[in-house]
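Please look through the model shown here slowly, one chain and one contact at a time. The paragraphs that follow are meant to be read with the structure open beside them.

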Amino acid sequence: MAASRTPGQGAAAAARATFSLDRGSIVRGLAIAVFLAIAIFFLPTIGADWTTTFTSVAIYSVITLGLGLLYGRVGLISLGQVALLVIGVWTATRLSFATDLPFPVLLLLTGAVTCGVGVLIGLPAIRLSGLYLALITLMAAGAVNVVLVAINFPNGGGGFTGRTDTPDLSGLKPVARPSIAEGDTAYYRYVVVVAAVMFLVALLHVRGKPGRAWAAIRESEPAALAAGVNIVLYKLWAFALASFMAGVAGCLLAAQVGQPTAQSFQTQDSLTLLATTLIGGIFSLWGAVVAGCFSQLLPFLFQVQWGINPNFVLILFGAGLLQVLLTAPGGLAQQFPKDMANLGRLVWRGVGKVTGGGSGS
Amino acid sequence: MHSVVGFAVFGVDWEFLKPYIVLGLALGGVYALSGVGIVVLYQATGVLNLAFGAIGACGALIAYWMINHTSWPHWLAYVTCIAFGGVVNLAYGLLFGPAFAARDPLVKMMGTLGLALILLGIMAWRAPVGGAFARFLPLPSSSHTFTLFGAFVNWTQVIALAFALVLTAVTTAFLRYTNLGTAYRAIANDREITATLGVPVRRVEASAWFGSGLVAGAAGLLLPDLITSLDYAALTFLVIAALAAALIGRLQSLWVTFAGGLAVGLAQALFAPYASLARYRSAAPFVLAILALLWLSRHRVVTITRTAR
């Protein structure tokens with residue numbers, strides 16, 4: 001990548017190197033444009049329940065994006081992203097019931113809150129090595145889950161928790177959606193746009209200075225330290241970015257469900273989220289989209305469309321996780337194109353043999 | 001410590017807390033023995049087994065099925081529960097252990113996450129939870145009680161604590177005085193060199209997987225009785241409390257792990273009678289584990305590790 005660039009070049013050169021207009025990037029840009037067009041214009045026409053599912057896919061691809069950045073780029077693993085998502089949902093719900101803030105402000109505020117929480121967790125945890133960091137985030141997630149079960153989501157009451165034992169459910173408004181996107185389809189498009197912005201933010205980070213610092217840290221921390229990379233800053237930065245994305249996803253989720261309940265978040269979610277992120281692929285941003293599809297679209301397909309017990313998805317995730325760890329570290333996002341290319345070559349050769357006189361056995 | 005009259009030390013009514021202390025020690029016993037099972041496997045293979053609780057839960061569900069849906073003798077169900085843990089753990093160790101052997105401990109741990117997800121999926125599919133589906137797995141030892149220092153104690157609680165104590169003592173002695181135990185410690189030090197010295201590394205590791213699995217099965221058998229219901233999700237996350245105990249023991253010391261397990265169990269049980277804390281008592285293992293982790297890492301500046309391999 002661009003890591004070997006000598007210092008002294010101007011910002012314009014850096015920008016050119018970040019987004020150089022060779023053939024590959026034009027093709028990639030076209031692919032992204034076509035994908036976005038399909039996502040925004042074609043997918044909502046399939047059906048109402050499909051639109052809801054695709055909204056969830058977009059939301060979860062934002063949170064897996066953060067997790068994938070953290071693990072794939074920096075080599076930090078967090079099993080606590082679901083806890084941050086829950087904190088995001090809670091914050092958005094509380095703020096929405098207490099204030100009349102416009103939705104984009106709500107998004108940013110929620111992101112800022114989870115960002116702060118993530119940095120708070122990350123600050124002491126940053127000196128822990130991979131295994132222990134994973135464990136401490138798992139423990140933090142468990143603790144958050146216990147607190148959530150105890151205080152539950154706001155239901156229109158007063159005080160800090162915003163919860164009352166005698167809720168007036170008839171008068172309770174759901175979490176406000178943006179005024180330009182009240183309906184399900186409009187809200188889906190809104191979510192896709194927000195998700196696209198998040199992916200752009202991630203891309204800018206990966207291609208820019210933070211991305212190079214992260215790569216150095218991931219390869220070897222002592223070497224990065226010797227090269228003058230501010231390890232604490234960039235690790236915390238990654239944590240903050242992933243937490244911010246979890247918060248944004250939480251806010252989007254809160255507005256999607258309207259009145260969130262504690263029952264819809266389970267402790268095992270942090271495990272399935274990690275599994276789907278790895279299956280999707282952590283070294284490519286497309287992996288986050290694949291992961292979002294796996295975690296939200298697949299259960300929907302199993303349960304609603306095909307009538308199969310949705311718990312098979314868990315078994316599939318477990319097997320997929322083992323397979324990815326052992327044979328395909330790049331996940332589906334890297335493995336699938338490679339396999340398709342191989343298959344294409346095989347088919348091409350087979351076609352050549354058949355048309356060339358059938359000399360093959 | 002005589003107890004016919006209630007007494008208060010430090011302003012705490014100990015008479016009132018007695019049943020909770022008994023429960024806490026029994027729970028702590030299960031956490032402690034699970035912690036020991038996790039630490040021994042981690043030492044021998046470098047794998048932190050996150051599927052430990054799921055394996056126990058699966059065994060317990062099989063025992064429940066055998067007791068309630070077949071006419072086989074009950075002891076057979078209990079033996080099956082323990083043996084199931086050993087067999088599943090051994091099968092995973094034989095299938096995936098060698099493939100993960102050279103990888104980072106983090107990757108090894110995530111591999112067991114895969115096993116945990118598979119087991120969770122099977123359990124959620126075959127034995128769904130629901131309001132009408134509360135399951136119980138009472139052990140015959142629970143119906144025999146006696147009074148100790150004025151508190152009711154049943155034999156399951158005694159077995160849990162005693163088993164943890166015996167397991168810790170026997171494992172410590174085993175690691176120090178037997179050839180196999182020496183091989184464990186050698187592998188914990190350096191797997192490659194141990195293999196060069198002629199130790200059958202894979203067979204030694206397999207024995208660790210099997211032994212640790214048996215402990216997982218036993219924990220799965222004891223815990224539903226102590227927490228009165230057989231809920232596979234709760235049993236699966238037994239692994240968190242056990243991990244807390246193991247982390248307090250720095251994933252090394254068996255006796256500190258034992259003490260850590262008791263501390264976690266006691267903390268969880270002693271919060272129960274206080275209404276303001278009761279709702280948060282299940283957070284006790286998490287908080288203790290976080291504190292232990294932060295304490296362990298207080299001197300570290302740079303983490304030298306290779307991840308994402």
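From the N terminus on, the elements of chain A follow the order α-α-α-α-α-α-α-α-α-α-α-α-α-α, and the count for this chain is accordingly given as 14 helices and 0 strands. Helices here are DSSP runs of H or I with at least four residues, strands are DSSP runs of E with at least two, and both are numbered from the N terminus. The model is a predicted one, in which local features need pLDDT of at least 70 and side-chain atom pairs count only at pLDDT 80 or more, while totals for chains, interfaces and linings use all residues. Residues are numbered from 1 along each chain as its sequence is written, and chains are lettered from A and ligands numbered from 1 in the order in which they are written.

Two residues are said to be in contact if their C-beta atoms, placed from the backbone, lie within 7 Å. Among the contacts in chain A between residues at least 6 apart in sequence, 75% join residues that are at least 24 apart.

L278(A) is part of helix α11 of chain A, and L278(A) is buried because 31 other C-beta atoms lie within 10 Å. Leaving aside residues up to four places away in sequence, L278(A) touches L321(A), V324(A) and G331(A). L278(A) and A288(A) are 10 residues apart in sequence, and their C-alpha atoms are 9.1 Å apart in space.

How do two helices of this chain meet? Helix α4 (residues 81-98) of chain A and helix α5 (residues 103-125) of chain A pack at an angle of about 135 degrees, and their axes are 9 Å apart. Such axes are lines fitted to C-alpha atoms, for helices over the stretch in contact, and the angles run from 0 to 180 degrees between N-to-C directions. The two helices α4(A) and α5(A) are therefore oblique to each other, given that angles under 35 degrees count as roughly parallel, over 145 as roughly antiparallel, 65 to 115 as roughly perpendicular and the rest as oblique. The contact includes L84(A), I87(A) and G88(A) from α4(A), and L106(A), L109(A) and T110(A) are among the residues supplied by α5(A). By class, this contact of α4(A) with α5(A) has 8 nonpolar, 6 polar and no charged residues, where Ala, Val, Leu, Ile, Met, Phe, Trp, Tyr, Cys and Pro count as nonpolar, Asp, Glu, Lys and Arg as charged, and the others, Gly among them, as polar.

Between the two chains, 43 residues of chain A are in contact with 44 residues of chain B. On the side of chain A that touches chain B, α3 (48-74), α6 (130-151), α9 (221-226), α11 (269-280) and α13 (312-327) each supply at least two residues. The largest share of that side, 13 residues, comes from α6(A), and its residues divide into 29 nonpolar, 11 polar and 3 charged.

Chain B also has strands to follow. Strand β3 (residues 145-148) of chain B and strand β4 (residues 151-154) of chain B run antiparallel and are joined by 4 bridges, and two strands pair if DSSP finds at least two bridges between them. T145(B) has N154(B) as its bridge partner in β4(B), while L148(B) has A151(B). In this hairpin, 2 residues lie between the strands, and F149(B) takes a positive phi near 50 degrees.

Further on in chain B, helix α5 (residues 155-177) and helix α8 (residues 201-226) pack at an angle of about 155 degrees with their axes 10 Å apart, and α5(B) and α8(B) are therefore roughly antiparallel to each other. This contact is made by T156(B), Q157(B), A160(B) and L167(B) of α5(B) together with V215(B), L222(B), D225(B) and L226(B) of α8(B).

Lastly, C81(B) is found in helix α3 (residues 74-100) of chain B, and C81(B) counts as buried because there are 26 C-beta neighbours inside 10 Å. The C-alpha atoms of C81(B) and L221(B) are separated by 6.7 Å, although these residues are 140 residues apart along the chain.

Methods:
A residue is buried if 20 or more other C-beta atoms lie within 10 Å of its own, exposed if 12 or fewer, and partly exposed in between; C-beta atoms are placed from the backbone.
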